[in-house]
Amino acid sequence: MVISLFIIGLFLFFSLWLGIKARKGKDMDLEQWAVGGRGFGTVFVFLLLAGETYTTFTFLGGSGMAYGIGGPVMFILVYGALGNIIGYWVLPRIWKYAKENRLVSQTDYFVSKYNSKGLGLLVAVVSVAAMIPYLIMQLKGLGIIVSESSYGRISPSISVWVSMATLVIYVMISGIHGSAWTAVIKDFMILGIVVFLGLYLPLHYFGGLQEMFQTIESAKPGFLILPSEGMSSTWFISTTVLLSLGFYMYPHSFSAIYSSKDANAVRKNVSIQPLYSLVLVFVFFVGFAAILKVPGLKGENVDLALFRLSLQTFDPWVVGLIGAAGLLTALVPGSMMLMAISTLIAKNIYKEVAPSADNRKVMMVARWIVPFIGLAAVWFTLYGTNTIASLIIIGSSLITQLIPSVFLSLPKKPLLTTQGSFAGIVTGITIVSYLTFTGTTIGSLFPSFPQVLKDINIGLIALMINVIVSLAVSLIQNKTMDNAKPSEKNYQVS
């Protein structure tokens with residue numbers, strides 16, 4: 001047990017040292033701190049995109065969902081692959097525009113494309129709100145990982161505080177450079193550990209993968225396929241479409257894209273990412289193996305499936321290595337999120353309140369707001385009750401409402417007006433927020449509808465309404481401008 005703690009502590013301090021050392025030789029202005037001076041090649045961009053995409057959810061949420069819901073868990077694998085197909089065509093164009101206009105944050109893109117600081121402020125608020133559940137997910141995962149792999153010697157709350165302190169220190173000092181170097185170690189660790197667990201555990205307990213699935217089917221008939229109600233094929237398709245569209249909409253994804261030295265590095269990475277997604281298959285194998293060997297996990301406890309099975313299978317030194325790999329899956333994306341949120345607040349909110357602030361002042365605010373964001377995230381983590389899987393769905397439902405405004409802005413002249421974009425985002429966010437807090441579904445709104453319609457992910461409905469509203473407002477505004485006097489056509493609301 002002591003050896004597992006030693007290994008976890010060793011990797012924690014090593015990641016802190018590596019994160020701090022990454023600053024060496026860098027003149028840390030805001031562009032260098034937030035997007036690495038736009039000088040990262042294919043390898044580092046890959047590590048950053050993989051680091052912020054495959055997180056504690058890869059380790060705990062994926063295995064927990066496989067344990068808890070069975071067959072429908074495969075939507076995670078599908079939406080990631082589709083998201084990268086979309087990204088292949090969209091992300092290089094975003095990178096090119098960001099390079100030409102020296103953009104640093106996701107919000108900068110909206111401000112520049114739509115020539116509206118008001119819209120930028122709205123996007124900043126929405127982005128921060130969407131990222132908070134994602135950051136909480138990382139911290140919840142950290143608490144579980146350290147507590148379980150230390151055999152309960154360290155409580156989840158202590159591990160969350162220590163890990164957040166580590167993140168705050170190296171994010172403040174090194175910015176995205178620290179995240180990139182930590183991601184190098186993280187990716188090697190997670191690949192080795194997850195592939196090993198996914199192959200060894202089914203073989204050890206069942207004699208192989210086929211035997212494992214046959215045993216589960218005998219014990220729980222139909223568990224490995226899509227049910228006819230609830231998480232049915234309709235839910236699967238609508239959820240996959242919704243999440244794939246928003247796969248790269250998070251602010252920290254934009255930061256990783258901006259850090260690339262050229263568009264080709266972005267294309268190479270989104271081409272490779274689906275192969276990296278195959279790691280999730282091995283995570284699912286672990287969750288499936290735990291179904292019969294660690295029975296009875298309910299609610300939030302399904303996220304414990306991987307570690308509970310590992311604790312009863314391996315010696316403490318192996319558990320320590322598993323815990324260390326899990327720790328890194330939270331540190332890398334957690335640092336990216338802290339940095340993205342602080343950059344948004346400093347550059348796109350503080351700068352609007354204090355327009356006279358120079359770049360040095362904005363950089364100082366971005367750095368020193370990091371610990372306050374960390375404190376808020378820790379508080380929500382310790383007092384929240386959501387599972388890791390539900391947290392990522394909440395965040396994704398919010399951030400996907402930015403999709404129409406991004407996709408329809410890709411032409412040289414955006415297809416939406418500023419007011420149209422604003423109206424669509426507000427409409428989508430309002431619908432999603434109401435439905436999330438009230439637990440409303442299509443089935444509860446329209447009980448007489450056939451089941452195939454009841455199971456549609458209501459977030460996709462909100463997105464479709466978003467598109468309709470944004471296009472309608474833009475069309476009305478354009479027609480109004482066409483009918484206006486020439487002297488009035490130059491008027492633009494910003």
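Tyr97 is buried, with 17% relative accessibility (buried is under 20% relative accessible area, exposed over 50% and partly exposed in between, using a 1.4 Å probe on protein chains only). Before going further: this is a predicted model, where local features need pLDDT of at least 70, side-chain atom pairs count only at pLDDT 80 or more, and totals for chains, interfaces and linings use all residues. Residues are numbered from 1 along each chain as its sequence is written, and side-chain values use heavy atoms, leaving out hydrogens and water.

Back to the rings. The structure has 15 aromatic pairs (rings of Phe, Tyr and Trp, the latter by its six-membered ring, with centres within 6.5 Å; planes under 30 degrees apart are stacked, over 60 edge-to-face, the rest tilted). Take Tyr88 and Trp89, edge-to-face at 5.1 Å centre to centre with 80 degrees between the planes. Tyr88 is partly exposed at 30% relative accessibility, and Trp89 is exposed at 62%. Tyr109 is buried, at 1% relative accessibility.

Tyr109 turns up again in the largest nonpolar core: among its 127 residues, Phe59, Ile94, Tyr109, Ile322 and Leu338 touch the most other members. A core here is a set of buried Ala, Val, Leu, Ile, Met, Phe, Trp, Tyr and Cys residues joined through side-chain atoms within 4.5 Å. Helix α16 (residues 316-353) gives the most to this core, 16 residues. Leaving aside neighbours within four places in sequence, Phe59 has contacts (heavy atoms within 4.5 Å) that include Ile190, Val283, Phe307, Ile322 and Thr329.

Now for charges over rings (NZ of Lys or CZ of Arg within 6 Å of the ring centre and within 35 degrees of the ring normal). Lys220 lies over the face of Phe223, 4.0 Å from the ring centre. The charged end of Lys293 sits over the ring of Phe206, at 5.4 Å from its centre.

Finally, ring pairs link Phe75, Tyr79, Trp235, Phe247 and Tyr248 into a cluster.

Note on methods. Helices (H or I, at least four residues) and strands (E, at least two) are DSSP runs, numbered from the N terminus.
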